[in-house]
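Have the sequence and the 3D view open as you read.

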Amino acid sequence: MIIGKKELDQLLDSSIKIDFSLVPVPNNKELKKLLTYSLLLQQHAHTITSTSSFTLENVLYAQYEWVHLFTKKYTAQYGTDEGLQQQLLDILETIEAELGDVDWALIQSFEEK
């Protein structure tokens, strides 16, 4: 099950708060929205899985997808950021640790977007 903009916006409309204190917030509306989605999935994975039909697998792959989209747009505007690349690798490690295997076909589909 894909966690898209509609579902993420619904979560944001609830009382969930995002902590931006550890990341620089871009002065670009599109990048800020992508960052917000990424942080929502990272900071509130447990809340999402316990209050919706989304599984941990859904949340982890959505984290990768939204961080990848943010990284792609950020790189196009500002250049490569090694920290963002590392974050993608960290998410893949978490997927492998939590789920036992990475669905590389799904990851490739995100990369091709």
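Helices α2, α4 and α5 (82-99) each put at least two residues into the lining of the largest pocket, with helices taken as DSSP runs of H or I at least four residues long and numbered from the N terminus. The top contributor is α2, with five residues. This is a predicted model, so local features need pLDDT of at least 70 and side-chain atom pairs pLDDT 80 or more, while totals for chains, interfaces and linings use all residues. Residues are numbered from 1 along each chain as its sequence is written, and side-chain values use heavy atoms, with hydrogens and water left out.

The volume of that pocket is about 350 Å³. A pocket here is an open set of points on a 1 Å grid where a 1.4 Å probe fits, with protein on both sides within 12 Å along at least five of seven lines; lining residues have an atom within 4 Å of a point. The volume is the space filled by probe spheres set on the points. There are 17 lining residues, and Val23, Pro24, Leu35, Phe70 and Leu84 are the closest to the centre. By class, the lining splits into 10 nonpolar, five polar and two charged residues.

Now for the rings. Phe, Tyr and Trp rings (the six-membered one for Trp) pair if their centres lie within 6.5 Å; planes under 30 degrees apart are stacked, over 60 edge-to-face, and the rest tilted.

| Pair | Centre distance | Plane angle | Type |
|---|---|---|---|
| Tyr37 and Trp66 | 4.8 Å | 70° | edge-to-face |
| Tyr74 and Tyr78 | 4.9 Å | 45° | tilted |

Tyr37 sits in α2 (residues 29-43) and Trp66 in α4 (residues 56-78), so their pair ties together parts 29 residues apart in sequence. Both Tyr37 and Trp66 are buried, where buried means under 20% relative accessible area, exposed over 50%, and partly exposed in between (1.4 Å probe, protein chains only).

Tyr74 and Tyr78 are four residues apart in helix α4, so about one helical turn separates them. Tyr74 is partly exposed at 22% relative accessible area, and Tyr78 is also partly exposed, at 45%. Together with Phe70, Tyr74 and Tyr78 form one aromatic cluster.

What does Ser38 touch, leaving out residues up to four places away in sequence? Its contacts are Trp66, Val67 and Phe70, counting heavy atoms within 4.5 Å. Ser38 is found in helix α2 and is buried, at 4% relative accessible area.

Definitions and conventions. Nonpolar A, V, L, I, M, F, W, Y, C, P; charged D, E, K, R; others polar.
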